[in-house]
Amino acid sequence: MQTRALLSAHRAAARQSGHRDNSWESLLEAVRMEVDYVEFDVHRTRDGELVLHHDSHVRDRIGRKVKIKERTYAALSRLAPFRLVRYREALELLAAHGKYAHIDLKFASPANHLGLPHEVDAAEIALEVMNESFIVTTMVDESVRVLRDWADLRSPSTLVGLSLGGVDFRHHPFKLLGLKLSEFFPEGRIRRCRSNLVVVEHRLADVWLLRWAHRRDIKVLVWTVDDPGRLRRFVYDKRVWMVTSNHPARALLPA
């Protein structure tokens with residue numbers, strides 16, 4: 001029986017190690033930490049390469065924003081002042097060290113996309129490399145539904161999480177209001193996309209979502225908790241399956 005929540009190193013625990021988010025250096029440090037999962041963010045380049053980066057853009061060597069989805073991997077490699085880690089090599093590193101992957105997708109297939117969804121491409125690579133030792137999270141309801149349909153056929157035990165609490169404020173105010181309300185009352189969204197994991201921002205978890213999910217036997221992942229007291233509280237809350245932190249070592253400190 002699980003005596004405490006699992007720990008996930010947010011953005012490969014770059015803040016704890018002092019390296020750049022989602023970098024190769026932070027990944028190397030993260031696989032040595034006492035964590036169960038290593039979380040990283042994934043974008044898709046124009047030529048279909050999956051890369052690790054949090055924001056939708058990188059800044060080139062003179063500070064200009066360059067959108068990842070609009071450039072090839074080769075072009076981004078020339079423009080960026082750092083190396084963008086390829087998705088597959090990150091998974092291979094985690095697999096070699098016995099760590100589980102917490103894959104946070106920052107892209108979604110276009111509404112008019114034909115053929116295999118891009119989210120499924122990412123899931124197939126993870127299954128090939130990690131052999132079900134991974135979870136996938138996203139803020140996009142349709143991406144969750146697509147991945148749950150894929151999992152039913154290819155990897156039934158895979159958890160696919162709908163993320164709540166991180167709404168993109170570029171939405172129209174009326175849509176933004178609807179999305180924020182839906183985070184307090186998410187049952188309809190969860191039922192429609194068939195998410196089997198709820199990924200909730202820690203302040204939202206405090207409201208009532210932990211109790212709601214526990215009653216329905218839905219696993220809960222709480223993000224991103226850095227305060228040592230709150231971190232330990234969530235880690236030892238029996239309703240919480242996993243906690244993501246920039247400083248996971250704080251969860252292991254004595255109270």
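This is a predicted model: local features need pLDDT of at least 70, side-chain atom pairs count only at pLDDT 80 or more; totals for chains, interfaces and linings use all residues.
Visitor: Why is Thr137 called buried?

Guide: Buried means under 20% relative accessible area. Thr137 has 1% relative accessibility, so it counts as buried. Thr137 belongs to strand β7, residues 134-138.

Visitor: What makes the link between the side chains of Thr137 and Asp104 a polar contact?

Guide: The cut-off for a pair of N or O atoms is within 3.5 Å. The side chains of Thr137 and Asp104 are joined at 2.8 Å. Leaving aside neighbours within four places in sequence, Thr137 also has contacts with other residues, including His102, Gly161 and Val199.

Visitor: Why is α5 described as largely enclosed by the rest of the structure?

Guide: Of the 13 residues of α5, 10 are buried, so the helix is largely enclosed. Among them are His118, Glu119, Leu127 and Met130. The buried residues pack against β2, β3, α4, β6, β7 and α6.

Visitor: How do you know that the span of α5 is close to the one expected?

Guide: The expected span is 1.5 Å times one less than the number of residues. For the 13 residues of α5 that gives 18 Å, and the helix reaches 18 Å from its first C-alpha to its last. After α5 comes Asn131, with a positive phi near 55°.

Visitor: Where does the largest share of the largest nonpolar core come from?

Guide: The largest nonpolar core has 63 residues, and Phe40 and Ile103 are among those that touch the most other members. Helix α5 gives the largest share of this core, eight residues. A second, separate core has nine residues, including Ile135 and Leu197.

Visitor: Why is the pair of Tyr37 and Trp241 called edge-to-face?

Guide: Rings pair if their centres lie within 6.5 Å, and planes over 60 degrees apart count as edge-to-face. The centres of these two rings are 5.9 Å apart and the planes are at 70°, so the pair is edge-to-face. Tyr37 is in strand β2 and Trp241 in the loop between α10 and β11, 204 residues apart. Tyr37 and Trp241 are both buried.

Technical notes: Residues are numbered from 1 along each chain as its sequence is written. Side-chain values use heavy atoms; hydrogens and water are left out. Helices (H or I, at least four residues) and strands (E, at least two) are DSSP runs, numbered from the N terminus. Buried means under 20% relative accessible area, exposed over 50%, partly exposed in between (1.4 Å probe, protein chains only). A polar contact is a pair of N or O atoms within 3.5 Å; within protein, one must be able to donate a hydrogen and the other to accept it, and residues adjacent in sequence count only if both atoms are side-chain atoms. Contact means heavy atoms within 4.5 Å. A nonpolar core is a set of buried Ala, Val, Leu, Ile, Met, Phe, Trp, Tyr and Cys residues joined through side-chain atoms within 4.5 Å. Rings of Phe, Tyr and Trp (its six-membered ring) pair if their centres lie within 6.5 Å; planes under 30 degrees apart count as stacked, over 60 as edge-to-face and the rest as tilted.
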